[in-house]
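Work through the exercises below with the sequence and the model at hand. Each task is followed by a stepwise solution.

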Amino acid sequence: MVSILKRSLAIITILIIGYWLAVAMSHVPFGQDKMLVGQYYLNHVKDQTGAINAVTAIVVNYRGFDTLGEVTVLFIASTGVGALLWKRKRERTARVPGSVVLTTGTRFLFPFIVLFGAYIFIHGHLTPGGGFPGGATIATGFLLLYMAFTVYEIPHKGFEVTEGLVGMSYVAVGLIGLLIGSYFLYDWIWQTWHVGTVGKLFSGGFIPIIYILIGLKVGTELSGIIDNMLKEGVSGND
Amino acid sequence: MINEVPIILFVPIVAGILAWVLDVKGVRELIGLAGAVIPVAYLIKVYPTVADGKSITYALTLGSFNMSFTLNTMTWYFAIIGAVLGLTMALGMVSTAKSGYNWLFALMSFTAVLGVFTAQDFVSFFLFWELMTFASFMMVLKYNRHASLKYFILSVIGAYAMLLGIALVYARTGALDFATISQVFAKDAQLTGLSGMGYHATLTFSRTDMILLFTFFLTAFGVKAGAFPLHVWAPDAYSETDQSYTTFFSGVLSKAGVYGIFYVLLMMMGAKLYFSLGTFHGHPLFLYIIAWIGAITVVVASFLAVLQEDLRKLLAYSSVGQVGYILLAIGTGTALGFSGALFHVLSHAIFKGLFWLVTAAVILRTGKTRFEDFGGLAEKMPITFAMGLVAVLSLAGIPPMAGFASKWLIYEAAIQAHMPLVAGAIFLGSALAFAYVVRFLYSLWFGQRPSDLDDVKEAPAPLLVGMGILGILNIVFGIAPGLVVEYINKLFRKPVITGNYYKMITPNGTYNALSVTLVLIAGIVIAGLLYVYGARARKVPVTDTYQSGNPVTEEYNLSIRRNFYRPLAEALDFWLKYSWDRFYERLGQLSEDFADVLRKSVYNGNVQSYSWYLAIVLLILALWGVL
Amino acid sequence: MNGQYASLLIAIPLISAFFVPVIKAASKKAVMPFLVLVTAAQTAAAAWVFNEVYTTGKPIIVMAGAWRPPVGINLYIGHFAALFVFIVAAVSFLLSIYNFKTIKIEPIDKYAMLFLLLMLGATGMIATGDIFNLFVFMEITSITAYALTAYNKTGEAAEASMKYMILGGIGSSFFLIGIAIVYGSLGTLNMAQIAQLAGSMNATAAQAGLALLIFGLAVEAELFPLNAWAPDAYQAAPHPVTVMFSAFVVKAGLYAAARLLYIMQSVGSWHSVLKLVVIMATLTVLVAEFSALRQRNVKRMIAYSSISQVGFIALALALGTQAGVDAGVFHMVNHAIVKALLFIAVGYVAVELGGAEMENFRGLGRRMPITAFSITIGSLAVIGIPMFNVFWSKLRIILATVDVGYTWAAALVLIASVVEAVYYLRLLHVIWFEGSGERITESAALGAIMLLLVALVIVIGVYPDYVWNLAQKAGADIFNVAQYIKNVPLMGVGA
Amino acid sequence: MNCISCINYIIIGIMVLSAVFAVEWRDLLAAVVGMAAVSLFASLLFFFLQAPDVAMTEAAIGAALSGAVFIFAIKRTRRFETEEEEKPGWWVRW
Amino acid sequence: MIEISAYYFGAIALIMIGLYAVLVKKNLLKMLVGLSIMETGVNLLLISIGYINGKSAPILSEGIGPKQAVDPIPQALVLTAIVIGVATTAMALSAAIILYEKYGTLNIEEIRRLRG
């Protein structure tokens, strides 16, 4: 059988490749201290960024470029999904309404979910979490709305414009850094003014600001993706 | 610094561009002519300098390659041949070219050929080589696309082979200019010679390198020279273009290949090739190969020329064959042979140029190309006929024409080099040449004239001037071969062939052109007197042929104008089945089929297969990493 | 002006892309002109950067957030990046005009965003000096490319996009594994520091890491047999996007691969990796040229030709000599110009005559003379006729290849080039000597673009010195890793 | 080896197993659930590896959202891998 | 044989299972599931590279000094990688939806209009 042959070939192939990777990884010892740049971050994160969560500090501040790119990737995904699934006229086709438990629960839970998401991204510099999980949580809230109600739709225009404006604000924050500190994505809040005390909510320089922006952006974008995936084109297929 | 060289080089192409841009009838002809005359004038002007053994160099930098062009004794010889032929081409084109397009590319190839001849480094050599190919391709393209495609593909193969050769030379020597490379080769040849005697030295070029270089360059130059078995493009390309241009195309462009073989393979790396590749029957192997390629080219092309029914095709095959003579002469490997080759370069250029101009005139006036449509044109175009006669005599190697002098040298060289088979090829080729020029002579000029050719006029004046130049040159160099020989001796810096203006003395014999001429003239005078006073002409019908017992039928009707050599074709039937042309077509077909299979199986549209490709690459990486 | 303003190269397209939804909310008609404006601004910024780098002779190091590398991410805009960022911007500018004619399918605002972000991704890939940041920009580029490939929303487009996604997904996953191995061994992500420390890596891990990094990028850089997505994507994508693919997206991948290759040159098995890439590049040229031979769809044919040229570039870059890298960069520039010209012209024909099938090109010489002329010049240039730009770079590549001793590779790619000459000639034959039809009025703007590119082809062909000098500097930028390390102001961290 | 560290091995085992199931189950919905399970177990492992941020993100985005998106896609296409699918016995039929 | 940590083993196993799915499964969505699993595996690999025995999460609240935390960089990288992964998945799924609309199948052996 061709299929069995293919499967066995595939298994042999992946075994060899896997063995190779394993050999390579065996020279990268597990559980040992291999930090070089990482230790620098841990040593200086508090005084240089004012954040407690080193991961957040790296994501937003030290390696801010990556995060800008990451936000862009998500933006591309939402734009791309929107472009691909674009139809002149579309609506939701779900026919089965959610059960009573789901609808009631959603009505009750939705504000809390959004609030929780906001909490996650506002406290990104102090506790685990940050803009991405926070935004995803908010999107989950909208997902619940979509599942519970057959006619619910997010305000598209508003969401799209928010998406754009929030993204622009992110870049603008970076450009303000360029103007004030002459470096793009310069942490102008913490580096110039040292606002707040380390460990409190009002600290961490521009990390909370950016995480709020990211949270909003991720939330709107993921909701947009969900919205696009759930709606189908009607009447004519252009 | 502006000296004569850039003017000689670039005037033609500038004139060509101007002619193309202006493209007004009358103006473009004037510009084009000027563009062709100026190089000739300048070349004549610098003659005293180069004849003294001095050289004139022009250097420029392009793409941070240093390029230089030099006129010296050697390059001037080729350049003047090119320029004179270019001038006659331009004269011919005044009558035959109908558009600026022709002028542009004809003059572009003029520049390109001069560039090839004068280039002193491989970059400019290659650059102008390609320009030459491109320009001539464009000329052929306008008239026949299939022929041009064949020409183009073979030229591209040749060009890339040359590129590889150049790259290999560059890789080993780090230089691209001829002077340095020649030095390296010379030194390396000495070392090779020494290492053959037990002395160990690190060589710049290994034996493999030399084999590769020889193959690459021979392919490259062989294509352009039309050497067997790369000749297949030539008959079509020569015949299917503006005939005035063919004057230049077959007379000079093919010489670029000869020049390459002579300069690069012989003068530059000859000694090294000799030591690396060894000898065969006491003869340097690489020269032996060249000689045999030349001999086969002569025989094959001459046979095929005999069998043609189309005027242009006949001359085209004849051109291929004549270039074979030159290769053969080079292959003898003696100074005499080289002299003969160089002389034949000149004489072939002038008689074949003359041939094509005559053809151009005939085709211009009659619009016909097949022998069966011609006849009796001698009355209508007497001067053209006279010129055609000169060309025929010269090509067939009848004294006192230039063709005889050079061919005689080649015979001498072949005999001196103890290459009897090759010499046999020359004799066979000569006999065949006689067979086909007879056809040209009779069917065009004599016999009954078809009624639609009754109002044919004499060729236009510019064309006649061009023919005149070449015709006179044929006779002058025929009667006074010493003019050429003296110059060639300067090239070798020693008298290879002694004698005076009218007399050539080689180790094996003597040819006194003047006395032969005088005897010949005397003979013609006597024969003429006999004809006028003694003989009575007998009328013969055109259909009175030599069919040796075969009944004359409609389809087996052999006359001088039609299927004259059909019995020969039938005799050669077995050989004619094998055609390199068809072989190449078949090869092309096969590679296209292969391409289809490859394409359909590799890019089969299934993304899973594509993922497998990735997995296989990973697998290779993994196996290579693990093992 | 401060060198840090070079970060505008990233900021301008990004902020403009985010601005598009706002504009669309105001007026949908304004989107396309906005695109022209943005790309013009980007071109101006890139020209400024280019001028800055080439007059001072020093690279611009953009340090995001004022963190010195390796703590922060830096952009390294050296001679190569400055040159290519400019090319990216300039080509995008031309294409933003081309968009008016070729993009009719909705939603145009999304197209505009993706267009800008593709430009951004290529710019970032070329400019970045951090290996993970490279991954991020690579993903930006490729995800945008996925979306744009499928933009026409036909079955073919979705199919091509899907193939691209699956292969690109595998590639990027393994690229990330490569990053993981390198990071695990060295503890840093900055390219200059990696270059410094690469010699100290464990040989096995280093080999695997390098191999995986090159593998991941080779998918983007279209090396055989990882290039199977490319012809489909080129064919199915909207015409301006195809131009972008061939003019700079693939170049960005090639550059990244070359950069990583030379950065890791103190790794023990470096020469074997180079040899592997040379083999793959040679195969790329061969297979692509033969595949193009009997192609009936002209766009696909030129796509294959583009892939083969990419093989040429990869061959040159993988030679491991200064001459090779210079030649490769030179070919990149020339190829960007020529292929932009060809794809623009072919796309225009496809728009006007309803498809890029060979039949539509019959009699093009009479129907659309300017376009036909452009295609002719482009084809002749690609074949490598002297006095057109590609000739010089091909010559350089062959010289460099044989110089290293890969005569067989040079011979094979030249055989493939003969095939290339054949099919381009066939195309020209169809254009000029077959069929006929009524004249179509050609758009003046597009004619101007095409003639501009034609002029570039010829000018560089006749006077290659200027661009060759640029290419030499840019090549030195890639090849001279010691200088690269010196240029990046590394702070002593840990070590 | 005490059983506190055993739990790592168990979770890794279950994760790999659910990955195998996710690949082999012919019901795509089940496969997606398997995939989400892989993500969830991976996020547990992230917790063990002292990466709470990543664990949260993986749980929210990797498991929940990408699972949801997959399910929507399945809803708009088809649920089973091939046509003759409703028969049981995935473990015998390769 | 070589000795590697169980985490590495798990990660490599996930990557290979994902690759297997891409290589063998004919259903498009199944291939995408495979890609997704592969990405999870890579993420796990990165995080386990950053882990240091006996140290705690890099959140420097009271009691945890710079010397007591694991490497934060891989965690930052994986955050990015996860988002990129979901973005790719969403794109791929929408392309799959279009494909199903146009071709009526998700069998990749039938989605072969572009070839040669």
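**Exercise 1.** State how far apart the C-alpha centres of domain 1 and domain 2 of chain A lie.

Solution. Start from the domain bounds, which come from an automatic or database domain assignment: domain 1 of chain A covers 1-34 and domain 2 covers 48-233. Then take the C-alpha centres of domain 1 and domain 2 of chain A, which lie 37 Å apart.

This is a predicted model, in which local features need pLDDT of at least 70 and side-chain atom pairs count only at pLDDT 80 or more, while totals for chains, interfaces and linings use all residues. Residues are numbered from 1 along each chain as its sequence is written, and chains are lettered from A and ligands numbered from 1 in the order in which they are written.

**Exercise 2.** Compare the radius of gyration of chain A with that of a compact globule of 238 residues.

Solution. The radius of gyration is taken over C-alpha atoms, and the globule rule is 2.2 Å times the number of residues to the power 0.38. For 238 residues a compact globule would have a value near 18 Å, whereas chain A has 23 Å. Along the principal axes, the C-alpha atoms of chain A fill a box of roughly 60 × 55 × 40 Å.

**Exercise 3.** Describe the side of chain A that touches chain C, by elements and by residue class.

Solution. Count contacts (C-beta atoms, placed from the backbone, within 7 Å): 50 residues of chain A are in contact with 56 residues of chain C. Next, assign elements as DSSP runs numbered from the N terminus (helices: H or I, at least four residues; strands: E, at least two). Helices 1, 2, 3, 4 and 7 of chain A each give two or more residues to this side. Helix 4 of chain A supplies the largest share, 14 residues. Last, sort by class (nonpolar: Ala, Val, Leu, Ile, Met, Phe, Trp, Tyr, Cys and Pro; charged: Asp, Glu, Lys and Arg; polar: the others, Gly among them). The side of chain A that touches chain C has 27 nonpolar, 15 polar and eight charged residues.

**Exercise 4.** Find the backbone exceptions in the loop between helix 8 and helix 9 of chain C.

Solution. Most residues other than glycine have a negative phi, and most peptide bonds are trans. C:Glu222, in this loop, has a positive phi of about 65°. C:Pro225, also in the loop between helix 8 and helix 9 of chain C, is joined to C:Phe224 by a cis peptide bond with omega about 0°.

Key. Contact = placed C-beta atoms within 7 Å.
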